[in-house]
Structures are given as C-alpha cells and as structure tokens.
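Here is a short report for a reader meeting this structure for the first time. Please look through the model before reading on.

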Amino acid sequence: MYHSQQQVDVKKQLRFRAWLFFLLLPVMVVVSFAFIFPNTFFSLSTSFYFNNIQNTFSEAVLERDDPNLTLEKDAIDQQQIQLTYSHKVKSGETLADIFKLYGLNNDDLLSMIKVRPQAIPLLNGQVVEWKQDGSGRLLSMQIHRSVRLSSSYIKEKNQFVFKPLLTTSETKLSIVEGRVGRNFYQSARAIGLTRDQIQTIATALYWQVDVTSPVTIGDKFAIELEQNIIGDETVGLGKVMAIRYQHRGNDIQVMRFNDGHFYYANGMSVEKSLDRLPLQRSYPVSSEFNPHRLNPVTHQYAPHYGTDLATPIGTAVYATGDGVVKKVGDHPLAGKYIVISHGRVYSTHFFHLSQSLVKVGDKIKRGQKIALTGNTGRSTGPHLHYELRQNGQPIDAMLAPLPTQKMIPASQRHEFIRQIKVRMSALYI
C-alpha cells in the first residue's frame, strides 16, 4: 500500500514537471535567442514596440474640426473669412504666454521675433489683438501700446512684416439704419456694415434675440459707429458703439461703455459668466491643453485640444455656463460626449462620459448637472476630457480669461445713464 502511494506521487510530480517545462519553453527560447543574437533581438523588439505605439497614437488623435464633435456654422459664421481675438495683458505676462493660452503656433512667434524683436515685450494693461482664419492659422497681430501707437505684424507670403501704426485721436460718429428682409446678414450688408461689425452686433444681441432666426424678418435696427479720421478722410472700418433693435414689440438697447464691453440699458453686461471647472471639486490634471504636442516616442504631432481631469467613474459633471445643448452622442474615440453652445462665442465639449443627463435642444443653466464621467471611447483610464472653444478655436480652459457678467459700478452709474440716453435718442427708430 505504501509503495503504491509512492508510485502515484512520483507520477504526479513527473506530470507537473512536464507541464511546467512546456509552459516555460517559449520563454526559454526567447531568452536564448536574445542571449545568442542580442542585436537582432533588440532591433526586432524595438521595431515592434514603436510600430505598436505609433499605430495607437495615430488612431487615438481626435481631429480638431471633427463635425461630430464641433458646432455647425450658422448663416453669419459661414461668411466669416477670418476671426478677430483680443487679450488684455496682465502684469508679468509675455507674448509666449498668450500664444500658449490661445493655442497659437510657436513657429509664428519665432518668425515675429526674427522680424522685430524690440516690439515683442509687453506691459501691463496693453491689448493684444490678432486675426486667425477658419483653420486657426495666424494672419496678423497688433500690440496696442497706447491709444495712438500700435505694433503690427502682418503675414505676407508665409512671412511676417512689421509695421508701426500711429492712429489719430480724432473720431466721428455715424448712424446706419435698416430693416430685416430676407435675413439679417443680407440686410446689414446692404446698408454697408462689414462682416466683423455684423458678428459684433449678433453677439451683443444673442441673449435677447438670435438675429440668424427667420422670426426676425421685419425687425428694425439702428447702429452707431465710431470711426477714426485724418483730415477729412475716414480711416478704418468703424467700431460698433451702440445698437437699438426692435423685435416683436421689444425695444432692445445695447451700448459699448468706457471699458469696451457692451451693456444693456439696465447696466448689466451682455456677456454671461463661465466657470473655470465643470466639477464641484478639483481633480488632478492627467493631460494638459497642448494643440501642438509632439509625441516623444513617435515624433508625430498628437495635439490635445482640451484638459483631461482624472476622475472616478460616475463623478458628476456640471455646465460651466448658461447655454443650449447642441450635440449628444457616442464617438469611437471621444466615447459618450456632450457639446454645449454658450452664445455666439464660447462652447464647451465633454468627452469619455459614462452617462448623459441632457438631450439635444435642452436649455441649461450654469451649475446644472449634465452628465457623469466615465471611461468610454479610446481612453487609458477613467477621466473627463473638457474643452473650451472661442469662436470654434480651442483655448486653454484652465488659464484663459473667462467672461464674467457684471453690473456697472455705482460710481459710474450716472455717467452710464447719461451716455445711453444720448446714444439711444440718436438711434430712434
């Protein structure tokens, strides 16, 4: 009995050793090959690794203007050949900081420095203004040093040309009036307004009336423009200073005040506020905004147009401002997503969600719960990809200046009332 049990144990040990040998055989072959032919082995394994990584990144990069994840252009936006942006310089800010905030190409900054390095330094309170085309390429940039002096960089044949600009301090006001016929854009163009002026008017009026809507047919409007003059000649296209618009019995009055912002007649600014974060608490940033990111492994561009926040699955996501839900869907790379329009300028984009709590067409309020975070789509782990776009251009949601709705200060209330009475009496329609 004892000997038969021993024989059984020996057979079990032999079977186990045989199983272990066949299990480890592939590993032993690979190790032996690496030992005998180290150079060949390293070359093959490195090639496999890099190709694998390259394929992963080439598949994972989200297109900047993916039509499923971005807003469609309305009748006015479709006419915009170029878009104008501006930034008021804070103490210590450099032009490189501004390029990073708004996702501008550093190659353009280097070209500008080569042309005129003395004009690059900035001072607190100066205003930087630039134009981009629809694909985000920088066309020109002006640094407004004072009321009269500006440094101008204009791209001509893929190279920047520097021109100092000296403008007159004399201005004149003019008024144009119109009635919406077939649509607002064509009616405004017919009385001589430019594309930029029309965009400014549509943006200022948006939260009261959407001028791209067919329901505006028959509406009346009057616009006050301010233009620089040299001698008897008008210089430039003119700045929109005041708007009076009558829509279905409503008399909408908007005026640009001394700070350059538009306000309603009650002293409230036309801009709506946007919050910095779509979450109730701070979470680690797992990937920063970088539209010109170069992958260190593949050396290919792998742009990242938003900010990734490492959140547990199921974390509540909140709207960062008032707006309208434009898109809700499921994307192979972005996973479950939501796109919200916050007026004519800003939009927010939320990717890799586990659940959407809103539907297309919903009007949402700032701070409203709209979704739960997840790990859907092509994702390396649970997180929220959050994008902020300005006129369709991705900007750094964590650092870029955000709009804030405000009232005219009590100390300036009297002057504001005086100005709006004078301007609106001249815009009587």
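Predicted model: local features only at pLDDT ≥ 70, side-chain atom pairs only at ≥ 80, totals over all residues.

Residues are numbered from 1 along each chain as its sequence is written, and side-chain values use heavy atoms, with hydrogens and water left out.

Helices (H or I, at least four residues) and strands (E, at least two) are DSSP runs, numbered from the N terminus. Helix α4 spans residues 106-115.

What do the buried residues of α4 pack against? They pack against α3 (95-101), β3 (138-144), β4 (149-156) and β5 (159-166). At the start of α4, a side-chain oxygen of N105 comes to within 2.9 Å of the backbone nitrogen of D107.

The sheet is open and has 5 strands. Their order is β1-β2-β3-β4-β5, with antiparallel pairing. Two strands pair if DSSP finds at least two bridges between them. β1 (82-88) and β5 stand at the edges with a single partner strand each, so one side of each has no neighbour in the sheet. From one strand to the next, the twist averages 15 degrees. Between β3 and β4 there are 5 bridges. H144 stands opposite S150 in β4. Axes are lines fitted to C-alpha atoms, for helices over the stretch in contact, and angles run from 0 to 180 degrees between N-to-C directions.

## Strand β19

How many of the residues of β19 are buried? In this strand (residues 384-390), 7 of the 7 residues are buried, so β19 is largely enclosed by the rest of the structure. L384, Y386, L388 and Q390 point one way, while H385, E387 and R389 point the other way. In a regular strand, side chains alternate between the two faces of the sheet.

| Partner strand | Bridges to β19 |
|---|---|
| β12 (residues 307-309) | 3 bridges |
| β16 (residues 346-356) | 6 bridges |
| β20 (residues 393-395) | 3 bridges |

D308 has H385 of β19 as its bridge partner. Y346 stands opposite Q390. β19 and β20 form a hairpin with 2 residues between them. In the turn, N391 has a positive phi of about 55 degrees.

R389 counts as buried because its relative accessibility is 3%. R389 stands opposite P394 in β20.

The side chain of R389 makes polar contacts (N or O pairs within 3.5 Å; within protein, one must be able to donate a hydrogen and the other to accept it, and residues adjacent in sequence count only if both atoms are side-chain atoms). A polar atom of this side chain lies 2.8 Å from the backbone oxygen of R64. For the backbone oxygen of G392, the distance to a polar atom of the R389 side chain is 3.2 Å. Leaving aside neighbours within four places in sequence, R389 is in contact (heavy atoms within 4.5 Å) with residues including R64, D65, Y305, Y346 and P394.

Methods. Buried < 20%, exposed > 50% of the residue type's maximum accessible area, 1.4 Å probe, protein only.
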